Amino acid sequence: MKFSYSNPTAIHFGQGKIASIAKAIDPSRKVLVIYGGGSIKTNGVYDQVGAALEGRTWMEFGGVEPNPAVETLDKAVALIRKEGLDYILAVGGGSVIDGSKYVAAACCYDGNGWDILLGKHRVKQALPLGAVLTLPATGSESNGGAVITRRTTKEKLVFSSDAVYPRFAVLDPDVIKSLPEKQIANGLVDAFVHVCEQYLTYPVQAWVQDGYAEVLLRNLVNLSLQFKERDSDSWRANFMWTANQALNGLIGVGVPQDWATHMIGHELTAEYGIDHARTLAIVLPALLRNQLENKKVKLAQMGRSVFNLAPDVDLPQRTINAIEQLFRDLGVPVRLSEAGVTDPKAAELIAAGIEGHGMRKLGEKGVITPDVVREIVAAAA
Ligand code: NZQ
Ligand code: ZN
């Protein structure tokens, strides 16, 4: 085990905490509030943010779409430059927060912002940003990653930088009262897969990371089993905190990781517009079956510790079945056809996308090549 770890995002957690923005942002800052399609205007979040920013210089930029588009975000970059704004407050789910990270970085770069996603520009500098989370799922509110889409070329790519960690994140569980059921189910699945991709590899005797990952997975299973109780304060608070911890970097330190499900999922969203979490529910079971031999020890450990399954020889396979059933019980599709995609060229297209984006050796052992991706997507049809 070898790592350096720091998570610089201050967390303000609990009911009424949106008011803490007032102290978290220096009064001299000129703020751009970035948000999505407008849910914050009808659920009271926008009003609370406005009250906390009372007396400040601030403007707003709405219309960031799910799977945020660089074409939209570049308009926010132009607005910040024109108005001389110097702080970004992202108010929304992963898409708004990711999009705000891109805007923060692109404002400090003179070239074409898409260079950031192509890796041609490595982000060392960005405007400071804060986040008010409205959808527990991605962990974006306290990590340094962002996923941005270019609609014109149907590409969805990732960048990460220490410079775009939010300075603070407000997690008020009350704000998720207005979330549609589908987004709650998506959030549970996304967080679950984030833990899996840092845990379902091979054993390295990392007791802290394994133990904490298992707690988070058990929480997500219990939250799913208690889905009917989701209108309670404790359900909401545990969901929001668990999803945050799933991807704030802690459980991934010093251990092998496998982000192949996410990378394949991003290609599926870019090509067919399937929701992020749904692509994961489709890809993960097929990927685990394909990689059974490499992952069987951790799969068995997960079966025992998370699903309480009996330790027979076929435990790894039964663990995969339990994961798939969990997704099904949440009403999330686990096959491409169930998500409405019947394209016979899907496996070919996605494998070509993975290869075209330079991802020739995915997985913790680098054995998930574009050919293996083709097999996985074909098996998920
Ligand atoms: O746009 P509005 O009107 O706000 O509606 C949104 C959107 O339609 C709605 N919503 C959010 N909060 C709400 C609400 N509706 C009612 N009440 C609320 N409180 O939910 C819809 C989906 O929002 P979105 O932000 O797209 O969802 P999510 O948080 O799942 O984010 C998905 C994006 O994050 C990326 C994904 O690839 C995808 O682009 N990811 C980012 C990661 C990261 N930065 O670390 C990791 C993740 O794995 C993921 O890849
Ligand atoms: Zn995700």
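Where does Asn 67 lie? In this predicted model, Asn 67 sits in the loop that runs between strand S3 (57-61) and helix H4 (70-83).

The loop between S6 and S7 is the place of Lys 154. With a relative accessible area of 45%, Lys 154 is partly exposed.

The chain is divided into domain 1, covering 10-174, and domain 2, covering 181-379. Taken over C-alpha atoms, the centres of domain 1 and domain 2 are separated by 26 Å. Contacts across the boundary involve 23 residues of domain 1 and 22 residues of domain 2. The size of an interface is often given as the accessible area lost when the parts come together. Here, the area buried between domain 1 and domain 2 is about 2,000 Å², and carbon and sulfur atoms give 62% of it. On the domain 1 side, the residues that lose the most area to domain 2 are Pro 136, Lys 154 and Lys 156, together 28% of what that side buries.

Pro 136 is buried, with a relative accessible area of 0%. Leaving aside residues up to four places away in sequence, Pro 136 touches Ile 176, Leu 179, Gly 187, Phe 239, Met 240 and Ala 243. Pro 136 and His 276, which are 140 residues apart in sequence, lie 13 Å apart in space from C-alpha to C-alpha.

Attention now turns to empty space. Rolling a probe the size of a water molecule over the atoms shows where empty space is left. The structure holds 1 cavity of 30 Å³ or more, and the largest cavity has a volume of about 40 Å³. Helix H7 (181-199) and helix H8 (207-225) are the elements that give two or more residues to the lining of this cavity. The largest share, 3 residues, comes from H8. Among the lining residues are Gln 198, Tyr 199, Gln 209, Asp 210, Ala 213 and Lys 298. By class, the lining of the largest cavity divides into 6 nonpolar, 3 polar and 2 charged residues.

The second largest pocket has a volume of about 210 Å³. Helix H6 (114-118) and strand S7 (155-160) each supply at least two residues of its lining, and S7 gives the most, with 3 residues. Residues lining this pocket include Ile 116, Leu 117, His 121, Arg 122, Val 158 and Phe 159. The lining of the second largest pocket has 5 nonpolar, 4 polar and 2 charged residues.

One of these lining residues is His 121, which is found in the loop between H6 and S5. Is His 121 buried or exposed? At 19% relative accessibility, His 121 counts as buried, because the class takes in values under 20%. Not counting residues up to four places away in sequence, His 121 touches Tyr 109, Asp 115 and Ile 116.

Note on methods: Residues numbered from 1 in each chain as written. Chains lettered and ligands numbered in written order. Predicted model: local features only at pLDDT ≥ 70, side-chain atom pairs only at ≥ 80, totals over all residues. Heavy atoms only, no water. Buried < 20%, exposed > 50% of the residue type's maximum accessible area, 1.4 Å probe, protein only. Contact = heavy atoms within 4.5 Å. 1 Å grid on protein atoms, 1.4 Å probe; cavity = no way out; pocket = protein on both sides within 12 Å on 5 of 7 lines; lining within 4 Å. Points joined across faces, edges and corners; volume = space filled by probe spheres on them. Helix = DSSP H or I, 4+ residues; strand = E, 2+ residues; numbered from the N terminus. Nonpolar A, V, L, I, M, F, W, Y, C, P; charged D, E, K, R; others polar. Domains from an automatic or database assignment. Buried area = accessible area lost by both parts, 1.4 Å probe.
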